[in-house]
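Dear colleague,

I am handing over the structure below, together with a short account of what was found in it. Please read the account with the structure open beside it.

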Amino acid sequence: MPSVPGGPTPPADAARSPLSDGEWHRMHPLTPLFRGGLVLVIVSGIIIANLRDRVLGFFFDGVIPGGYDTTEDPVDYVLGHNLLLVALLVVLGVLLVVIGFFYLMWRFHAFRITGDDVEVRSGVLFRTHRRAPLDRVQGVNLTRPMIARLVGMAKLEVVGAGLDANVKLEYLSTPNAEAVRSDILRLASGRQLAEAAARAEHDRATGRRAASDLAATAASTVSSGLDGLVHGAEDPAEEPESVVQIPPGRLIASQLLSGSTIALLVGIIAIVVGAIYGTPWVLFGIFPVVLGFGAYTIRTITRSLRYSIAPTRSGVRITFGLFTTVTEIVPPGRVHAVEVSQSIFWRPLGWWSVSVNRLSGKSATDTGTDQFATVLPVGDRDDVARVLGLVLPHLSPDQWRAIFEDGVLGPRDADPYVTTPRRARLFRLLSWKRNGFLLSADTLFLRRGVVWRTLGVFPLARLQSVDVTQGPVDRRLSVANVRAHTIAGRVSGALGIIDRDAALELFESVAAGAVRAAAADQTHRWDGGSGDPVPVPAPAPEASGTSDPDSEGDR
């Protein structure tokens with residue numbers, strides 16, 4: 001970050017690690033091996049093992065009188081003709097070529113972090129240069145694949161605001177990756193920039209400088225940075241304690257009780273019955289489906305194991321994955337919509353899941369996009385409250401009733417939500433009591449579903465637009481459909497069959513409220529420095545006299 005003209009260097013600069021000094025730095029020396037080199041070595045070994053006769057014939061035909069005898073064992077042939085030294089020289093030459101190729105890949109793969117951008121350049125013959133502006137950073141993900149974890153390596157992915165806008169730094173030693181991530185988040189913090197400018201202005205006015213403190217901070221930072229560069233791979237930094245603990249049994253049970261599992265069981269039963277009374281060979285069609293679904297279920301469970309979520313000064317830190325560990329930090333103000341959902345199979349157990357819409361920098365067809373949308377795979381009411389307190393810190397205690405008693409569990413007595421009018425209940429035969437919306441000063445709540453309950457929470461400061469539509473039947477019944485537009489994601493902002501006048505009033509209120517909320521919003525600024533984590537907002541106590549979650553209004 002550039003210093004303020006005429007003033008001292010902002011203290012944040014002194015806190016930067018040596019890897020974010022604006023100069024080009026190379027990746028970990030083992031990077032080429034983990035970016036495809038390991039696969040190349042394995043494939044080459046397999047090819048040589050299976051074609052070793054041809055390889056020896058290629059090298060030694062014409063060297064030894066009579067040529068290479070393909071009926072003789074290759075090892076016996078080399079030893080019997082005193083070719084061990086030649087064979088070792090050939091192997092050494094191949095290794096030198098491979099090492100030289102890997103060295104060139106590492107030599108031309110570098111990154112730098114300036115006060116404005118994160119840049120990565122790579123390639124020997126075909127060069128690439130990617131840049132992520134710091135003011136467009138939506139988060140920084142740290143991934144530790146299983147094999148890379150064994151040698152203490154990790155890769156960073158700077159999430160940009162756009163399609164395929166991510167910039168990857170792969171690979172770094174784990175302590176260096178943690179330091180670089182902290183630097184990127186610190187530099188991307190709007191609040192940090194504003195506070196640095198304010199401190200510089202204060203220093204100019206008073207003529208005082210904390211030179212000794214800055215020198216001590218710089219010396220400590222440089223010392224720790226050099227230690228990381230010298231020692232390389234070490235254990236990862238200690239993670240903050242998670243505010244949510246998911247027992248493995250609950251996680252496995254939630255997958256077994258999911259709608260896809262039930263649908264698979266119903267399909268298998270139907271095929272078995274059809275095979276018994278029809279064609280038995282249909283049973284063979286079950287096995288690929290079961291194997292594919294089993295692999296998907298196991299992959300989903302292992303991804304959610306070791307789940308943790310905790311507040312930090314840089315944002316919400318979410319970690320998941322048993323074999324490949326992924327740690328993402330979602331800075332404040334980057335969550336555009338939140339959805340609390342509950343299937344009918346989870347209802348007796350009181351479980352919910354929480355998903356968000358946020359920029360991931362990935363393509364919509366990327367299978368990893370769905371992984372980053374879930375911030376709580378399964379949890380009880382207390383877990384949901386803690387997670388919502390992290391991803392929606394602007395919620396006031398008065399709004400917690402709109403989420404739980406009136407939202408997820410509702411409707412209750414004196415329901416504040418505007419629901420489907422009586423004249424159109426035929427189009428929401430089961431869910432007309434739950435199909436509705438509620439608008440507060442800075443948040444829009446959309447409630448839907450009976451079998452699968454969902455509640456969408458949309459901060460007005462992040463809302464991009466809202467529309468109201470009508471079809472011919474809607475006009476006849478004087479109802480309308482509303483859609484709140486955010487960035488693309490799992491959370492849907494659609495709500496249908498609402499009274500026309502109420503929908504138009506909502507349209508005007510949201511348009512005005514979004515402007516006010518965006519003007520007053522400061523959640524996109526954060527400290528971005530090391531220190532005490534942001535405290536978790538405590539949900540308001542439950543309202544007394546609430547009825548059972550499965551009351552008549554829910555059915």
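**Findings**

Leucine 142 lies in strand E5, which covers residues 139-144. Please bear in mind throughout that the model is a predicted one. Leucine 142 has a relative accessibility of 2%, and because buried means under 20%, this residue counts as buried. Leaving aside residues up to four places away in sequence, leucine 142 touches Ala154, Lys155, Leu156, Ala177, Glu178, Arg181, Thr325, Val326 and Thr327. Leucine 169 stands 27 residues from leucine 142 in sequence, and their C-alpha atoms are 9.5 Å apart in space.

The next element to consider is helix H12, residues 286-304. Its 19 residues should span 27 Å at 1.5 Å a residue, and the C-alpha atoms at its ends are 27 Å apart, so the two values agree. Within H12, the residues Ile286, Phe293, Thr297, Thr300, Ile301, Thr302 and Ser304 are buried. Their cover includes helix H10 (248-256), helix H11 (259-277) and strand E13 (374-379). Just after H12 comes arginine 306, which takes a positive phi of about 60°.

Three strands, in the order E18-E19-E20, form an open sheet with antiparallel pairing. Strand E18 (465-469) and strand E20 (494-499) each have a single partner strand, which means that they stand at the edges and that one side of each is left without a neighbour in the sheet. From one strand to the next, the twist averages 25°. Strand E19, residues 479-485, runs antiparallel to E20 and is joined to it by four bridges. Valine 479 has aspartate 499, in E20, as its bridge partner. Helix H17 (residues 500-520) packs on this sheet and touches E18, E19 and E20; the direction of H17 makes about 125° with that of E20.

The loop between E19 and E20 holds threonine 486. Is threonine 486 buried or exposed? With a relative accessibility of 15%, threonine 486 counts as buried, because the cut-off for buried is under 20%. The side chain of threonine 486 is joined to that of asparagine 357 by a polar contact of 3.2 Å. Not counting residues up to four places away in sequence, threonine 486 touches His336, Ala337, Asn357, Phe458, Leu463 and Gln464.

Methods
Residues are numbered from 1 along each chain as its sequence is written. This is a predicted model: local features need pLDDT of at least 70, side-chain atom pairs count only at pLDDT 80 or more; totals for chains, interfaces and linings use all residues. Side-chain values use heavy atoms; hydrogens and water are left out. Two strands pair if DSSP finds at least two bridges between them. Helices (H or I, at least four residues) and strands (E, at least two) are DSSP runs, numbered from the N terminus. Axes are lines fitted to C-alpha atoms, for helices over the stretch in contact, and angles run from 0 to 180 degrees between N-to-C directions. Contact means heavy atoms within 4.5 Å. Buried means under 20% relative accessible area, exposed over 50%, partly exposed in between (1.4 Å probe, protein chains only). A polar contact is a pair of N or O atoms within 3.5 Å; within protein, one must be able to donate a hydrogen and the other to accept it, and residues adjacent in sequence count only if both atoms are side-chain atoms. The expected span of a helix is 1.5 Å times one less than its number of residues.
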